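Keep the structure open while you read.

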Amino acid sequence: GGLIALFGALATANLLNFFSAARMVRGRVAPGIGFDREIWHELLRGAVPLVANALALTVSYRIGQILLMSLGGPVEVGKLSAPSRITEAFSVLPDALMVTVYPLMAGLHVSDTERLRRTAERSARYLVVAVGVPVTLCCAAGNEVMRLLFGPAFADTGHLLGILSFMTLLSATGT
């Protein structure tokens, strides 16, 4: 079915999720339209940096491949895509931290600012260590990592893995 069938399948899956969730909370949540300017202002103020970061990451991961396809061709795109896939895996931990620890920190913002500060420091420290170790490994032994994961044809892309890994460390820590 091509691209239209793909979009149709994704839209159907999203609609099924929506209706399933609506059915599960039907008795507990009353439908209605409400708009509280202060709440929306606060939500947007907190969400805009996260959205901007996600957009910047998406564009930075993909724009290089698009430009490279027009300038170099599919072989070069493949040689960039392989290290890109490895470094994209590094974002799993920051994403997990965002959906688990950050809501806790949002709750602490109101009740216990000292505990919030300690939790933020600790989570940032753990994040840098957890992402920093694979980034350091990829920077130090990029050629060997690429050879091991993708074969000898990709061994010369280790320098790309090192560069992309360092950039991933910066983005994972919100820099």
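Helix α3 has 16 residues and reaches 22 Å from its first C-alpha to its last, close to the 22 Å expected at 1.5 Å a residue. The expected span is 1.5 Å times one less than the number of residues. Helices here are DSSP runs (H or I, at least four residues), numbered from the N terminus. Buried residues of α3 include Val-77, Leu-80, Pro-83, Ile-86 and Thr-87. Buried means under 20% relative accessible area, exposed means over 50%, and partly exposed lies in between (1.4 Å probe, protein chains only).

This is a predicted model: local features need pLDDT of at least 70, side-chain atom pairs count only at pLDDT 80 or more, and totals for chains, interfaces and linings use all residues. Residues are numbered from 1 along each chain as its sequence is written, and side-chain values use heavy atoms, with hydrogens and water left out.

**Confidence**

The predictor's confidence in each residue is pLDDT, from 0 to 100. The chain has a mean pLDDT of 85, and 98% of its residues reach 70 or more. Confidence is lowest in helix α4 (residues 92–111), at a mean of 76. It is highest in α6, at 94. Where pLDDT is low, the predicted coordinates should not be read in detail.

**Helix α5**

The 28 residues of α5 should span 40 Å at 1.5 Å a residue. The end C-alpha atoms of α5 are 39 Å apart, which agrees. There is a kink of about 30° at Gly-132, shortly before the proline Pro-134. The bend at a residue is the angle between axes fitted to the seven residues ending there and the seven starting there.

Leu-116, Thr-119, Ser-123, Leu-127, Val-131, Gly-132, Val-135 and Cys-138 are buried in α5. Their cover includes α3, α4, α6 and α7. Val-133 also sits in α5, but it counts as exposed because its relative accessible area is 56%. Val-133 and Met-69 are 64 residues apart in sequence and 32 Å apart in space, C-alpha to C-alpha.

**The core**

Which residues have the most contacts inside the largest nonpolar core? They are Ile-86, Phe-90, Val-131, Val-135, Cys-138, Met-146 and Leu-161, in a core of 13 residues. At least two core residues come from each of α3 (74–89), α5 (113–140), α6 (142–150) and α7 (158–172). The largest share, four residues, comes from α5. A nonpolar core is a set of buried Ala, Val, Leu, Ile, Met, Phe, Trp, Tyr and Cys residues joined through side-chain atoms within 4.5 Å.

Contact means heavy atoms within 4.5 Å. The contacts below leave aside residues up to four places away in sequence.

Val-135 touches Phe-90, Ser-165, Phe-166 and Leu-169. Ser-165 belongs to helix α7. Is Ser-165 buried or exposed? It counts as buried, because its relative accessibility is 0%. Ser-165 is in contact with Thr-87, Phe-90, Val-135, Cys-138 and Cys-139.

Leu-160 is another residue of α7. At 24% relative accessibility, Leu-160 counts as partly exposed. Its contacts are Lys-79, Leu-80 and Pro-83. Leu-160 and Pro-31 are 129 residues apart along the chain, and their C-alpha atoms are separated by 51 Å.

Thr-157 is in the loop between α6 and α7. Thr-157 is buried, with a relative accessible area of 2%. It touches Lys-79, Pro-83, Asn-143 and Met-146.

**Aromatic pairs**

The structure holds three aromatic pairs. Two of them are tabulated here.

| Pair | Type | Centre to centre | Angle between planes |
|---|---|---|---|
| Phe-18 and Phe-19 | edge-to-face | 5.3 Å | 65° |
| Phe-35 and Trp-40 | stacked | 6.4 Å | 15° |

Rings of Phe, Tyr and Trp (its six-membered ring) pair if their centres lie within 6.5 Å; planes under 30 degrees apart count as stacked, over 60 as edge-to-face and the rest as tilted.

Phe-18 and Phe-19 are exposed. Phe-35 counts as exposed at 60% relative accessibility. Trp-40 counts as partly exposed at 42%. Trp-40 lies in helix α2 (residues 37–71). Leaving aside neighbours within four places in sequence, Trp-40 is in contact with Gly-34 and Phe-35. Trp-40 and Ser-60 are 20 residues apart along the chain, with C-alpha atoms separated by 29 Å.
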